[in-house]
Amino acid sequence: MKKIAVFFGEGYEEIEALTVVDICRRCGLEVSMISITEEGMVRGSHGINVQMDRTFSEAEFETYDMLVLPGGMPGTKNLEAHEELMAQVDAFYAAGKYIGAICAAPSIFGHRGILKGRNACSYPSFESHLEGAEVTAGPVEISDHVVTSRGMGTAIDFALAIAGIFCGEEKAAEMAESIVYGGNRKR
């Protein structure tokens, strides 16, 4: 079974983070909600507290197939300020393992030089941070092992894209149908 780690810092965007967790778990993927605060509960940007599966120090990075960074403010800034998480993002990227970010969080990839020569998208006011990327207005961009998405309104697209990578497009399409989703999903 493929394993995905979703990282939560104070001020994360709840829908972006939890949509990935929910849809990927429905598809049979193992998803860990990981607190970078070392607290068992992390508060989102809209005051919603969510119980985590583990803390950063408990994460077994060698077991994960993908790292996911949700957006939100100040959640994105908190993720980027976490040096050990950034070291893991760099290591996953260098190893050709999947990394994903949505909304403001793709700016982190831009700042780290990960998007050079790639198609990428983000929340519109963060597009200038996608350094070296060919910026698109698509709901999701998959460029090799780097996945980006635009925001809360594209969270289902983002989650289905991740499900498609690990479970196959047919399973992702079945999931889209089962949740009565008729959105922007690329086929």
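Reader: Which residues of H1 meet which residues of H5 in this predicted model?

Author: From H1, Ile15, Glu16, Thr19, Val20, Ile23 and Cys24 take part, and they meet Ala155, Ile156, Phe158, Ala159, Leu160, Ile162 and Ala163 in H5. By class, this contact of H1 with H5 has 11 nonpolar, one polar and one charged residues.

Reader: How is the packing of two helices described?

Author: One gives the angle between the two axes and the distance between them. Here, H1 (residues 14-26) and H5 (residues 155-167) pack at an angle of about 35°, and their axes are 9 Å apart. The crossing of H1 and H5 is right-handed.

Reader: At what angle do H5 and H6 pack, and how far apart are their axes?

Author: For H5 and H6 (residues 169-178), the angle is about 145° and the axes are 7 Å apart. Leu160, Ala163, Gly164 and Cys167 of H5 make this contact with Glu169, Lys171, Ala172, Met175 and Ala176 of H6. These residues divide into six nonpolar, one polar and two charged.

Reader: Turning to the strands, why is E2 largely enclosed by the rest of the structure?

Author: A residue counts as buried under 20% relative accessible area. In E2 (residues 30-35), five of the six residues are buried, so the strand is largely enclosed by the rest of the structure.

Reader: Which strands pair with E2, and in what sense?

Author: E1 (residues 3-8) runs parallel to E2 and is joined to it by six bridges; Val6 has Met33 in E2 as its bridge partner. E2 also pairs with E5 (residues 54-55) in the parallel sense, over two bridges, and Ser35 stands opposite Thr55 in E5.

Reader: Which unit do E1, H1 and E2 make?

Author: Together, E1, H1 and E2 make a β-α-β unit that is right-handed.

Conventions:
Residues numbered from 1 in each chain as written. Predicted model: local features only at pLDDT ≥ 70, side-chain atom pairs only at ≥ 80, totals over all residues. Heavy atoms only, no water. Axes fitted to C-alpha atoms, helices over the stretch in contact; angles between N-to-C directions. Helix = DSSP H or I, 4+ residues; strand = E, 2+ residues; numbered from the N terminus. Left-handed = near helix turned anticlockwise from the far one by under 90°. Contact = heavy atoms within 4.5 Å. Nonpolar A, V, L, I, M, F, W, Y, C, P; charged D, E, K, R; others polar. Buried < 20%, exposed > 50% of the residue type's maximum accessible area, 1.4 Å probe, protein only. Pairing = 2+ DSSP bridges. Right-handed = clockwise from strand over helix to strand, strands pointing away.
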